[in-house]
Amino acid sequence: RLADDLAAGLQRGEIVAFLQPIVSLPLGCTTGLEALVRWQHPERGLLSPAAFLDLAEDAGLDLLLGDMVLRSACETMRHVDPAVTLSMNLSVTQLADRGLCDRISMILGEYGIPPDRLMIEITEHATLQRQPGGGRVSPEHTLHELRELGASLCLDDFGTGYSSLTHIRRYPLTAIKIDRSFVNGVVDHPEDRAVIAAMVGMAAALDLEVVGEGVETEEQLMAMRSLRCDKVQGYLIARPLAPEAVPAWVADRGRDWRAASAR
């Protein structure tokens, strides 16, 4: 029944993209927003991804779901500062879809969003999957197409996989996102702090931006700043925002989120 509800909900526009701010530590301003899918179920209320993402994949609805998330996010991005970028995750199925890049280009064009405002986030799990045949393509093919389109690429959950360094060399990345498991321990665990320092140093040598996710305390924020992390996101800055709340949040806190938070 939930699968049937999801199929109907996709047609009724119940899938929405909540957006979580990403801020620059050197500048103190909001530079990006990450799209995080939510389902406004008519009976069960607002559902998080854990309640339906696996279901969408099993039911063969994840491509349509991804398109709807992008559309919802683009509708919101039309009303914020054009200097702010949009980050979006891609699934295994999306990376293997031959028509993905054309659809992304079409959707961006419909909403007047230039491709260089889009940051695609990928995980090692997704890039390691191989789905040959049946009109599918390799992750490498899709990622290079996206870079040619003008989008940026970020390796998500960096440090948790077995071949992160291989991926940095193999794919045309522009950023890495340090997994929250390291950020959680940056204050109390010297090992985590040392690992983050090594990641930041390596990224600087490779001309990659570093985003720390899951920043929830002032102490973590100060630690990430001292380690020269470029950008952070997390509940300390803001929880994922409903579409209607995003333009006002960016307008009020976009230039200096700390000053706005103190008012």
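How many of the residues of strand 2 are buried? Of its 12 residues, 11 are buried, so strand 2 counts as mostly covered under a cut-off of 20% relative accessible area. The legends below describe close-up views of a predicted model.

**View 1. Strand 2 pairs with strand 1 in the antiparallel sense.** Strand 1 spans residues 15-24, and nine bridges join it to strand 2.

View 2. W39 has L47 of strand 3 as its bridge partner. Here too the strands form a hairpin, with three residues between them.

**View 3. Strand 4 runs parallel to strand 2.** Strand 4 covers residues 85-89. Three bridges join the two strands. L33 stands opposite L86, a residue of strand 4. In a regular strand, side chains alternate between the two faces of the sheet.

**View 4. One aromatic pair is found in a search of the whole structure.** Its members are W39 and F52. W39 belongs to strand 2 (residues 30-41), whereas F52 sits in the loop between strand 3 (45-47) and helix 2 (53-58). The pair therefore ties together parts that are 13 residues apart in sequence. W39 is buried, because its relative accessibility is 0%. F52 is likewise buried, at 0% relative accessibility.

**View 5. Arginines lie over aromatic faces at F18 and Y235.** R38 lies over the face of F18, 5.7 Å from the ring centre. R239 lies over the face of Y235, with 3.9 Å to the ring centre.

**View 6. R1 takes part in salt bridges with D5 and E43.** Side chains of opposite charge can pair when their charged atoms come close. Between R1 and D5, the N to O distance is 3.9 Å. R1 is exposed, because its relative accessibility is 67%. D5 is buried, at 18% relative accessibility. The bridge from E43 to R1 has its closest N and O atoms 3.1 Å apart. This pair links distant parts of the chain, 42 residues apart. E43 is in the loop between strand 2 and strand 3, and R1 is in the segment before helix 1 (2-12). At 60% relative accessibility, E43 counts as exposed.

**View 7. R12 and E14 form another of the 11 salt bridges in the structure.** Their side chains meet at 2.7 Å, N to O. E14 is buried, at 10% relative accessibility. R12 is exposed, at 52%. Elsewhere, salt bridges that share partners join R1, D5 and E43 into one network.

**View 8. The largest pocket holds about 980 Å³ of space.** Its lining has 38 residues. Which residues are the closest to its centre? They are L36, V37, P49, L53 and N89. Several elements each supply at least two residues of the lining. Among the helices that do so are helix 2, helix 3 (62-77), helix 4 (92-95) and helix 6 (124-128). Among the strands are strand 2, strand 4, strand 5 (118-122) and strand 6 (152-158).

**View 9. A245 and T76 are 9.5 Å apart in space, C-alpha to C-alpha.** In sequence, 169 residues separate A245 from T76. A245 is found in the loop between strand 9 (231-233) and helix 12 (246-253). Is A245 buried, exposed or partly exposed? A245 counts as partly exposed, because its relative accessibility is 33%.

Key: Residues are numbered from 1 along each chain as its sequence is written. This is a predicted model: local features need pLDDT of at least 70, side-chain atom pairs count only at pLDDT 80 or more; totals for chains, interfaces and linings use all residues. Side-chain values use heavy atoms; hydrogens and water are left out. Rings of Phe, Tyr and Trp (its six-membered ring) pair if their centres lie within 6.5 Å; planes under 30 degrees apart count as stacked, over 60 as edge-to-face and the rest as tilted. Helices (H or I, at least four residues) and strands (E, at least two) are DSSP runs, numbered from the N terminus. Buried means under 20% relative accessible area, exposed over 50%, partly exposed in between (1.4 Å probe, protein chains only). A charge sits over a ring if NZ of Lys or CZ of Arg is within 6 Å of the ring centre and within 35 degrees of the ring normal. A salt bridge is a side-chain nitrogen of Lys or Arg within 4 Å of a carboxyl oxygen of Asp or Glu. Two strands pair if DSSP finds at least two bridges between them. On a 1 Å grid over the protein atoms alone, a cavity is a set of points where a 1.4 Å probe fits but cannot get out, and a pocket is an open set with protein on both sides within 12 Å along at least five of seven lines; lining residues have an atom within 4 Å of a point. Grid points are joined across faces, edges and corners, and a volume is the space filled by probe spheres set on the points.
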